[in-house]
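Hi,

Here is the structure I promised to pass on. Have a look at it first, and then read on for what turned up.

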Amino acid sequence: MQDQANGTPEHKRVPWNKGKLTGAKPPLRPKHVWSIRTKLQIEGRARDLAMFNLAIDSKLRGCDVVAIRVEDVAAGGYTADRATVRQKKTGRPVRFELSEQTRQAVDDYLKSTGKRLGEFLFTGRRGPDRNVTTRQYARLVSEWIGSVGLDPRLFGTHSLRRTKATLIYRRTGNLRAVQLLLGHTKIESTVRYLGIEVDDALAIAEQVDV
């Protein structure tokens, strides 16, 4: 059978996603987060530990994680409890909290590198004035995930963005809070992003009496 558009046999078409696992990447479980943290600590990978912890806490997209500058999180010389970053996709600022272990990891990393205000927080082999690329970040995430026995094809950078947001939603059922933390403009986007089903909504509703 011929493909009339280009005259090639239809059976020879190869789907763009052949051999690839598509769909939303699931969040990491707390035990996986701790396993990755522990491994990076033991291996003395200060930059990767700071990047991983910051990605989990910030709930930022990969393009925003790699674009973070020193003053975004440590304007006063030490990592702050809270930070604000302007999202590349929406242009809107989003605030996030930094846990004690994340602050410690970033402080240790800053101390070991001597980074200063105005510089990118996470730099790679391209030099101190060039940030890690989103592709490099994605490769690092795959490496971290694979190092604890998970299949890197099943998880990705959005797994890190989703992890804490999903936990917050499951523990509180507060969709509006998660929307603010993810920087979504519409609540519908948050619903889709978290993969909330009708059963989830009903389970929350059953806990509320009027």
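The protein chain has 10 helices and 2 strands, where helices (H or I, at least four residues) and strands (E, at least two) are DSSP runs numbered from the N terminus. Starting at the N terminus, the order of elements is α-α-α-α-β-β-α-α-α-α-α-α. Before you read further: this is a predicted model, local features need pLDDT of at least 70, side-chain atom pairs count only at pLDDT 80 or more, and totals for chains, interfaces and linings use all residues. Residues are numbered from 1 along each chain as its sequence is written, and side-chain values use heavy atoms, with hydrogens and water left out.

Of the 210 residues in the protein chain, 36% are buried. Buried means under 20% relative accessible area, exposed means over 50%, and partly exposed is in between (1.4 Å probe, protein chains only). Taking contacts (heavy atoms within 4.5 Å) with a separation of 6 or more, 58% are between residues 24 or more positions apart.

On to the cores. A nonpolar core here is a set of buried Ala, Val, Leu, Ile, Met, Phe, Trp, Tyr and Cys residues joined through side-chain atoms within 4.5 Å. The largest one has 38 residues, and Val-73, Tyr-137 and Trp-144 have the most contacts inside it. At least two residues of this core come from each of helix H1 (30-42), helix H2 (46-58), helix H4 (70-74), S1, strand S2 (93-97), helix H5 (100-113) and helix H6 (134-147). H2 gives the most, with 7 residues. If you click on Val-73 and ignore its neighbours within four places in sequence, you will find it in contact with Leu-54, Ile-68, Tyr-78, Thr-79, Ala-80, Ala-83, Phe-96, Leu-98, Val-106 and Leu-121. Another core, of 7 residues, lies apart from that one and includes Ala-165, Val-178, Leu-182 and Ile-196.

Next, the helix packing. Helix H7 (residues 157-172) and helix H8 (residues 175-182) pack at an angle of about 160°, with their axes 9 Å apart. Axes are lines fitted to C-alpha atoms, for helices over the stretch in contact, and angles run from 0 to 180 degrees between N-to-C directions. That angle makes H7 roughly antiparallel to H8; the cut-offs are under 35 degrees for roughly parallel, over 145 for roughly antiparallel, 65 to 115 for roughly perpendicular, and oblique for the rest. On the H7 side the contact is made by Arg-161, Ala-165, Ile-168 and Tyr-169, and on the H8 side by Leu-175, Val-178, Leu-181 and Leu-182.

H8 also packs against helix H9 (residues 187-194), at an angle of about 90° and with the axes 9 Å apart, so H8 and H9 are roughly perpendicular to each other. Here Leu-175, Arg-176, Val-178, Gln-179 and Leu-182 in H8 meet Ile-187, Thr-190, Val-191, Tyr-193 and Leu-194 in H9.

Now for some threonines. Thr-84 lies in strand S1 (residues 82-86) and is partly exposed, with a relative accessible area of 38%. Which residues does Thr-84 touch, not counting those up to four places away in sequence? They are Asp-72, Pro-93, Val-94 and Arg-95. Thr-84 and Arg-95 are 11 residues apart in sequence, but C-alpha to C-alpha they are 4.3 Å apart in space. Their side chains are joined by a polar contact of 3.4 Å (a pair of N or O atoms within 3.5 Å; within protein, one must be able to donate a hydrogen and the other to accept it, and residues adjacent in sequence count only if both atoms are side-chain atoms).

Thr-163, in helix H7, counts as buried at 2% relative accessibility. Its side chain reaches the backbone nitrogen of Leu-28 at 3.0 Å. Leaving out residues up to four places away in sequence, Thr-163 touches Pro-27, Leu-28, Val-33 and Ile-56.

Thr-102 is found in helix H5 and is buried, at 0% relative accessibility. Beyond its neighbours within four places in sequence, Thr-102 is in contact with Asn-53, Leu-54 and Asp-57.

Lys-59 is buried, with a relative accessible area of 1%.

Cheers
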